[in-house]
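Have a look at the sequence and the fold shown here. What can we learn from the parts of a chain that are hidden from solvent?

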Amino acid sequence: MIGRRGLLLGAAATAGLALLPALAEAAPLAKVKALGVLRVAVYKDNRPWSWTEAGKVHGIDADLARAIADKLGVRVDLAEIAADESVDDDLRNAVWKGGLLGFMPADLMLHIPFDRTFASRNDQVAIIAPYYRESFQFACMPGALDCEAPPTQWRGKRLAAELDSIPDFYLIGAFGGILAKDVTHYMSGAEAVAAVTGGKADAVLASRAQIEAGLSAAGGRPLDRRKMPLPAFTSPGWDIGMAVKENSRTLGDAVEEIMAAMATSGELKAIFAAHGVTYAPALAA
């Protein structure tokens, strides 16, 4: 399928070189600068990446969006979007089409899987600027259980996980479901981590960013973190990137340059550290 960007370029070639300056002037980056605002979509209730508190959007992704807009010389318009059935749906609603409830498409969306297979089936967008390598971790309250033990030995312990997540499916389904009755489900990974730091659970399986940010929010309360891989756990980690419309490559190129400079200068690492998370470069970066 030929994308809209391809059709526009084809039309310009057909009409002759005289149209090329006009096409360049209409480029999305030029439009963003002309309007003086960069609209950025971030996920709602997604600690430590983006959440609203006291009327302001906080989090790593929110701070990244503000930094990118500042370096482009425009103001930022942060638009929170609730996660749909799939990230494919989120891209449609937030980037290239708009939501059914009148959500206006954003110029840029953060926290998108940077994956070749995923990108190939979402040809209406360009997935760019991988900026973090995420992974899952198992963390335990010291003395509550042995983090390095085979999971079958955790039977009878209070285990926490986000509802309908990969950690949830692993804990309730692995080893013949022997741990299913011991798992308490929470609405987010951040809430699952808070259950452990708050003494309501003995251990949690969540993302590394959620665990580190949760420990920071709890005043640095120590948790043991498993070093050995979990048996039969199939997620080795994933890269997180951003998305622009397929016909917004000029904006995408500018954002990639900004992110590369922030990684080199240490600014990216500092944004993560401000939320208690250790910056881990994406493998694809």
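Predicted model: local features only at pLDDT ≥ 70, side-chain atom pairs only at ≥ 80, totals over all residues.

## Nonpolar cores

Let's start inside. The largest nonpolar core holds 41 residues, and the ones with the most contacts within this core are Leu38, Leu108, Tyr131, Tyr132, Met242 and Met259. Its top contributor is helix α4 (residues 60–72), which supplies eight residues.

There is also a second, separate core, made of 17 residues. Leu171, Leu179, Val183 and Leu230 are among them. As background, nonpolar side chains in soluble globular proteins tend to be buried together.

## Helix α5, mostly covered

Helix α5 spans residues 87–96, and seven of its 10 residues are buried. The buried set includes Asp88, Asp89 and Asp90, along with Leu91, Asn93, Ala94 and Val95.

What do these buried residues pack against? Their partners are the strands β1 (37–43), β4 (75–81), β5 (108–113), β6 (125–134) and β12 (238–245), plus helix α6 (116–120). After α5 comes glycine 98, with a positive phi near 110°.

## Helix α10, one face in and one out

Helix α10 covers residues 249–265, 17 residues in total. From first C-alpha to last it reaches 24 Å, close to the 24 Å expected at 1.5 Å a residue.

Its buried residues are Leu251, Gly252, Ala254, Val255, Ile258, Met259 and Met262. Viewed down the axis of α10, they fall within an arc of 165°, so they line one face of the helix. Glu257 and Thr264, on the other side, are exposed. Just past the end of α10, glycine 266 adopts a positive phi of about 95°.

Note on methods:
Residues numbered from 1 in each chain as written. Heavy atoms only, no water. Core = buried A, V, L, I, M, F, W, Y, C linked by side-chain atoms within 4.5 Å. Buried < 20%, exposed > 50% of the residue type's maximum accessible area, 1.4 Å probe, protein only. Helix = DSSP H or I, 4+ residues; strand = E, 2+ residues; numbered from the N terminus. Contact = heavy atoms within 4.5 Å. Expected span 1.5 Å × (residues − 1). Arc of directions from axis to C-beta.
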